[in-house]
Amino acid sequence: MNRPAVLFDESECEQCACGEGLDFSFSFAFQPIVDVQSKTVFAYEALVRGMGGEGAMSVLANVNERNRYTFDQICRVKAVKLASRLNMEPMLSINFMPNAVYEAKYCIRTTLAAAKTYDFDTSKIIFEVIEDEKLTSVEHLASIIEDYKGMGFSTAIDDFGAGYSRYDIMTLSPPDLLKLDMDLIRNIHQTPNKQAVVAGIITMMQKLGGRIVAEGVETEDEYAWLRSQGIDLYQGYLFARPTFEALPEPYFPG
């Protein structure tokens, strides 16, 4: 595979964080992933936003094949820099585009340099695979997950159960975390078919040694059913809405 023309090293972290190489600007909002068993924040997910807090699509609409690699690299640096500035203690979850990573060990250099520059512990980073991007190679994603695990990062697959559901990854290189898609979560307390599917995914992850994150939980009823299935990790409006360039305090159901 040909390497992108735009490369970064440690000396360029500040330039990368400022968005050099792109013709658009962006920042992040943070939303907590909570552990209801310990009533603590397990991680904060960095969600891309426009500079005025505009939604993710206002930014992602500018991403194309030509600038995907640069955007992916800048996302990592800006997320680490902002997390460090906010003195983030829990883990930091960063979305990444697997098709933008042509070689994990090479493409990770900018992230490592940013963590060193901004004094952020790399063991606190979760790399979260974006589910809505069709893979050029499942084996390629499996190798990325394996390499990231070997470097001490945690891994997650986002929006599982919608779009390009990656059951094949479960047999090749299962992630540490599997985030249930919000369409599966919506009204799950009164939808037996969804309950059956989610129960099967929970069993699968238990046998694989990973953890489930119930994402997009909005109601107490949804939460009550999911909690009855033994899920501890949650993300959604019920607990906290994303906050632009800040770390919101979550609500924990009684």
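1. In what follows, a residue is called buried when its relative accessible area is under 20%. The model is a predicted one. With that cut-off, both faces of strand β4 are covered: I125, F127 and V129 are buried on one side, and I126 and E128 are buried on the other. In a regular strand, side chains alternate between the two faces of the sheet.

2. Strand β4 spans residues 125-129, and because five of its five residues are buried, the strand is largely enclosed by the rest of the structure. Its pairing with strand β3 (residues 91-96) is parallel and comprises five bridges; L92 has I125 as its bridge partner in β4. Strand β5 (residues 154-160) also runs parallel to β4, joined to it by four bridges, and I157 of β5 is the bridge partner of V129.

3. The largest nonpolar core comprises 67 residues, and F26, F71, L92, L226 and Y234 have the most contacts inside it. Helix α3 (residues 68-85) contributes the most to this core, with nine residues. Another core, of eight residues, lies apart from it and includes M91, I126, A156 and V213.

4. Beyond its neighbours within four places in sequence, L226 contacts I185, I188, V198, A214, V217, I231 and Y234.

5. Q195 belongs to helix α9 (residues 192-208). A polar atom of the Q195 side chain lies 2.8 Å from the backbone oxygen of I188. Leaving aside neighbours within four places in sequence, Q195 is in contact with I188, H189, Q190 and W225.

6. In helix α5 (residues 109-117), the buried residues are T110, T111, A113, A114 and A115. Just after this helix, D119 adopts a positive phi of about 55°.

Conventions
Residues are numbered from 1 along each chain as its sequence is written. This is a predicted model: local features need pLDDT of at least 70, side-chain atom pairs count only at pLDDT 80 or more; totals for chains, interfaces and linings use all residues. Side-chain values use heavy atoms; hydrogens and water are left out. A nonpolar core is a set of buried Ala, Val, Leu, Ile, Met, Phe, Trp, Tyr and Cys residues joined through side-chain atoms within 4.5 Å. Buried means under 20% relative accessible area, exposed over 50%, partly exposed in between (1.4 Å probe, protein chains only). Helices (H or I, at least four residues) and strands (E, at least two) are DSSP runs, numbered from the N terminus. Contact means heavy atoms within 4.5 Å. A polar contact is a pair of N or O atoms within 3.5 Å; within protein, one must be able to donate a hydrogen and the other to accept it, and residues adjacent in sequence count only if both atoms are side-chain atoms. Two strands pair if DSSP finds at least two bridges between them.
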